[in-house]
Amino acid sequence: MKHLLSVGDLDRSAIEQLLELATSFREVTRREIPKVPALRGKVVVSLFYEDSTRTRISFETAAKRLSCDVMGFSVASSSVTKGESLRDTVQTIEAMGIDAVVMRHSAAGAPHRVAGWIDASVVNAGDGCHEHPTQALLDLLTLRHRIGPGIDGARIAIVGDILHSRVARSGAHAFAALGADVTLVAPPTMLPSTVAGWPVTVSHDLDAVLGDLDVVYLLRIQRERQRETRFPSLREYTARYGLTVERAARLRPEALIMHPGPMNRGVEIAAEVAEGPASLITEQVENGVAMRMAVLYELLGAGGGHG
Ligand code: CP
């Protein structure tokens, strides 16, 4: 594997191999000194054209725990503000000697373009409304450690602003690749015009599916990507699609709750639900480091890399 741009780059056995590797790195992250020399001498650049807390910090932590050198890049203090193009920026950085670029960009497809311009490996850390493959992988890792190695037949609903969600696209394909039964739940205005090619069923009624679910995966309303209002009001959205305390009480006792973050507490999820015993939200963040260690090792370890 040279790049990780899309969940579609991975078949079931490649996903399972990454999950095995990430499980071994989970053990490393729990050691007193959570660091191994596996990628000593490799250089990873963190190239974020869009804001991030979880993804950026966990990739940088993952790279450091593998003993990589990490180069940070801040758009606001770079020559991007003087009009330097994406191509010139990445080729300039590559000339300094790098092995991998971890990249987030508001334009769908930007990491794919960059992968064609440079020799280093490219990891998509979120491209516009398109994909966020490592989020899907860390979510699978989280489920594996809660409900066991197989999620075959697990009933997972991804709820909310599917239209603008790169997490939904990557998650739906990754969950289905491992045999889960995925339902997208959203008002028609928050769904793509077609879900042809998505391995999912669609519902507009959360209450109708709630009692059958093993996992409720909530999405943030992405107001920064919405050019027009998709729902009359946030209060109305919460009334129809929010995981309120009352709705959470109607879930099966063993059902689990996930959210990629950042959350809008009180909109798509009640604060009490986010902090309750069924919530995997903190575990998702914790597993992000181990899964990103696995991805970097897969790309740069065992003879990989270009430095
Ligand atoms: N889940 C996620 O991608 O969060 P950040 O935007 O904070 O990286």
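So, the second largest pocket: 14 residues line it, and Ala-248, Ala-249, Ile-257, Val-273 and Ala-278 are the ones nearest its centre. Keep in mind that this is a predicted model. The space in this second largest pocket comes to about 190 Å³. Two helices, α9 (245-248) and α10 (271-274), each supply at least two of the lining residues. And what classes of residue make up that lining? For the second largest pocket, we have 10 nonpolar, two polar and two charged residues.

Okay, on to the largest pocket. Here we've got about 390 Å³ of space. Its lining is made of 21 residues, and the ones nearest the centre are Arg-104, Arg-166, Arg-220, Gly-261 and Pro-262. If you ask which elements give two or more residues to that lining, they are α2 (54-65) and α6 (166-177). By class, the largest pocket is lined by four nonpolar, nine polar and eight charged residues.

Where does the largest pocket sit relative to the domains? Well, domain 1 (7-132 + 285-300) and domain 2 (133-280) both give residues to its lining, so the pocket lies between them.

How many residues are in contact across the two domains? It's 31 residues of domain 1 with 28 residues of domain 2.

A bit of background: in soluble globular proteins, nonpolar side chains tend to be buried together. In our model, the largest nonpolar core has 86 residues, and Ile-158, Phe-175 and Met-291 touch the most other members. Helix α11 (residues 281-300) gives the largest share of this core, with 10 residues. Both domains take part too: the core draws at least three residues from each of domain 1 and domain 2.

Let's pick out Ile-158 and look around it. Setting aside its neighbours within four places in sequence, Ile-158 is in contact with Ala-168, Gly-171, Ala-172, Phe-175, Val-182, Thr-183, Leu-184, Val-185, Tyr-217 and Leu-219. There's also a second, separate core of 19 residues, and its members include Leu-47, Tyr-49, Val-114 and Ala-115.

Next, cavities. How many of 30 Å³ or more are there? The count is one. The largest cavity has a volume of about 30 Å³, and its lining consists of Val-44, Val-45, Ser-46, Phe-59, Glu-60, Val-70 and Val-102. By class, the cavity lining has five nonpolar, one polar and one charged residues.

Last stop: Ser-6, which sits in the segment before α1 (12-29). Is Ser-6 buried or exposed? Its relative accessible area is 13%, so Ser-6 counts as buried, since the cut-off for buried is under 20%. What's around Ser-6? Leaving aside neighbours within four places in sequence, Ser-6 is in contact with Glu-131 and Pro-133. And look at His-132: along the chain, Ser-6 and His-132 are 126 residues apart, yet 7.3 Å separates their C-alpha atoms.

Definitions and conventions
Residues numbered from 1 in each chain as written. Predicted model: local features only at pLDDT ≥ 70, side-chain atom pairs only at ≥ 80, totals over all residues. Heavy atoms only, no water. 1 Å grid on protein atoms, 1.4 Å probe; cavity = no way out; pocket = protein on both sides within 12 Å on 5 of 7 lines; lining within 4 Å. Points joined across faces, edges and corners; volume = space filled by probe spheres on them. Helix = DSSP H or I, 4+ residues; strand = E, 2+ residues; numbered from the N terminus. Nonpolar A, V, L, I, M, F, W, Y, C, P; charged D, E, K, R; others polar. Domains from an automatic or database assignment. Core = buried A, V, L, I, M, F, W, Y, C linked by side-chain atoms within 4.5 Å. Buried < 20%, exposed > 50% of the residue type's maximum accessible area, 1.4 Å probe, protein only. Contact = heavy atoms within 4.5 Å.
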